[in-house]
Amino acid sequence: MDQGIPLGGRVSGQRLARLLGDWRRRGARQGAADLAARVRMLVLDGQLPAGTRLPAEREIADALPVSRTMVTAALDQLREEGVVASRRGAGSWITLPTGVLGRPLDLPSASRAVIDLARAAPPAVPSLAAAMDAVRLRMPEHLAGHGYHEHGVPELRRLLAERYTARGLPTSPDQIVITSGAQHALALALRLFTGPGDRVLVEQPSYPNALDAIRSMSAIPVPVPLAPDGWDLAGIAAALRQAAPRVAYLVLDFQNPTGLRLDAQGRTRLGELLRRARTPAIIDETLVDLDLDGDPADAPPPMAAFADELVVTLGSASKSHWGGMRIGWIRARPDVVHRLVSTRTSIDLGTAVFEQLLMAELLVDPEPALRERRAELAAQREVLIDSLAEHCPRWTFRRPAGGLGLWCELDAPVSTQIAVVAQSHGIRLAPGGRFAAQGGLERWLRLPYSLPADVLREAARRLGSVASLVAGSATAMDGDLAVPVA
Ligand SMILES: Cc1ncc(COP(=O)(O)O)c(C=O)c1O
């Protein structure tokens, strides 16, 4: 059959090499098979979308670098599998592999809607609507001004500073910069600390968009595996010594994706390690308000309270109130704030005033909305746990004390396969590999409980079908999908 030549984007040899990462698993003789397996993994994982045009064989060979014969053999294999198509004069491009999607379930029409479990993001808190009305009335006093606030609107900076102070970290408003979400805050902080080739210590697993932000600086994430019950501080100490990272990026409160939290004792020790290595740390507190079991009054103080001179703290309204507001912030020493704002003005000149005032309004009396948020998430967590026990009994997980998702261990290294098959069953998933610095984690899958209970029940039902389907075909793909963990 004549396949149309797609108009998709072209991936350069250099970018392909970066995406492939450490792809060799066996001796040189197996190189082509390893290369093909890793490309297939990137396709299944969505990182090389169907339609992407590949560079010429010579460019791939130069970028990796490997022999041209090896590239030809790998492409031949991928063509045979239907992962790559080529035409003389038009080059090669990615096609969607057939044979792994399975047969779509015959879903009743009411439940056909796609369930997005790739995002762990709850809807807006109900109090947002009233806050919008209140802010609308207050806007005229701002409309008379220029509206540019590189540091953020003073009122919001003050309220956030007070919240840190109340949590045991004395903070003044000049230590706060308002950003457009925590992701923007991270990009700004990374620009301050890292450049091409620098190493950044991260947890493994870690938040995928943070790993992408690190990679987009041409910096290198250095993963320290999380133990099942928390941070391997000896491992962090060794990595600080051996890899000499420029900065660490850590999520110590209801870590995404594991839901783990580092206690005060661990924070004391981590502070000592950072100080000894003189390594600054970007501590992402995006999920800090989602303590589902404990009393927030018993929470450990922010990490900066243990190493203020080295820590830059990121915060966000996205999970506590709503991601659509795009409000985040940075808390740092005043001199760091000054440098951050200088960096910022080449990228943007401030965050939207209306949304900052909205967040300020929500922070005047935040507890009722947060209590409601926590209660709802805790109930949804139980629904997902029960539904998985019914439909996916072979998947195991620790019950997280907070955050937005379950980090499930599967019964085989089939996370990407599950994610691919799930698409044709109306479920979007982020497979385990997305949370890895350099591939791997194929035994793991993050399942958020940020959706309503009835949707979670339906999701678990569909996942049960997906799991059975994949279990039936697992032998064909197991070996090739198990990418080495660095
Ligand atoms: C750990 C972590 N950091 C940052 C973000 C992004 O937050 P924002 O929407 O504020 O950019 C998320 C969102 O899931 C997250 O889980």
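Predicted model: local features only at pLDDT ≥ 70, side-chain atom pairs only at ≥ 80, totals over all residues.
Biologist: How much space lies in the largest cavity?
Modeller: A cavity here is a set of points on a 1 Å grid over the protein atoms alone where a 1.4 Å probe fits but cannot get out. The whole structure holds three cavities of 30 Å³ or more. The space in the largest cavity is about 90 Å³.

Biologist: Which elements give two or more residues to the lining of the largest cavity?
Modeller: Lining residues have an atom within 4 Å of a point. For the largest cavity they are Leu16, Leu20, Leu35, Val39, Leu54, Ile60, Val71, Ala74, Leu75 and Leu78. The elements that supply two or more of them are α1 (13–20), α2 (31–44) and α4 (68–80).

Biologist: How many residues of the lining of the largest cavity are nonpolar?
Modeller: Ala, Val, Leu, Ile, Met, Phe, Trp, Tyr, Cys and Pro count as nonpolar, Asp, Glu, Lys and Arg as charged, and the others as polar. In this lining there are no polar and no charged residues. The number of nonpolar residues is 10.

Biologist: What is the angle between the planes of Trp407 and Phe435?
Modeller: Rings of Phe, Tyr and Trp (its six-membered ring) pair if their centres lie within 6.5 Å; planes under 30 degrees apart are stacked, over 60 edge-to-face, the rest tilted. There are two aromatic pairs in the structure. Trp407 and Phe435 form one that is edge-to-face, at 5.3 Å centre to centre, with an angle between the planes of 65°.

Biologist: How many residues apart in sequence are the parts that Trp407 and Phe435 tie together?
Modeller: Trp407 belongs to strand β12 (residues 405–409). Phe435 is in the loop between β13 (427–428) and β14 (444–448), so the pair joins parts whose separation in sequence is 28 residues.

Biologist: Is Phe435 buried or exposed?
Modeller: Buried means under 20% relative accessible area, exposed over 50%, and partly exposed in between (1.4 Å probe, protein chains only). Trp407 has 10% and is buried. Phe435 has 0% relative accessibility, so this residue too counts as buried.

Biologist: Which residues form one aromatic cluster?
Modeller: Trp407 is buried at 10% relative accessible area. The ring centres of Trp407 and Trp444 are 5.5 Å apart with planes at 10°, so this pair is stacked. Trp407 is in strand β12 and Trp444 in strand β14, so parts 37 residues apart in sequence are tied together. At 24% relative accessibility Trp444 is partly exposed, and the cluster is formed by Trp407, Phe435 and Trp444.

Biologist: With which residue does the side chain of Glu458 make a polar contact?
Modeller: Glu458 is in helix α16 (residues 453–481) and is buried, at 17% relative accessibility. A polar contact is a pair of N or O atoms within 3.5 Å; within protein, one must be able to donate a hydrogen and the other to accept it. At 2.8 Å, the side chain in contact with that of Glu458 belongs to Arg462.

Biologist: Which residue has a polar side-chain atom 2.8 Å from an oxygen atom of the ligand?
Modeller: A polar backbone atom of Ala182 is 2.7 Å from a ligand oxygen. For Gln183, a polar backbone atom is 2.9 Å from a ligand oxygen. The side-chain atom at 2.8 Å belongs to Arg326.

Biologist: What is omega of the cis peptide bond from Gln204 to Pro205?
Modeller: A cis bond also joins Leu64 and Pro65, with omega about -20°; Pro65 is in the loop between α3 (57–63) and α4. Pro205 is in the loop between β6 (199–204) and α8 (208–216). For the bond from Gln204 to Pro205, omega is near 5°.

Biologist: Is Arg278 buried or exposed?
Modeller: Phe254, not a glycine, has a positive phi of about 55°; this residue is in the loop between β8 (247–250) and α10 (264–277) and is buried at 2% relative accessibility. Arg278 also has a positive phi, near 55°, and is in the loop between α10 and β9 (281–284). With a relative accessible area of 72%, Arg278 is exposed.

Notes: Residues numbered from 1 in each chain as written. Heavy atoms only, no water. Helix = DSSP H or I, 4+ residues; strand = E, 2+ residues; numbered from the N terminus. 1 Å grid on protein atoms, 1.4 Å probe; cavity = no way out; pocket = protein on both sides within 12 Å on 5 of 7 lines; lining within 4 Å. Points joined across faces, edges and corners; volume = space filled by probe spheres on them.
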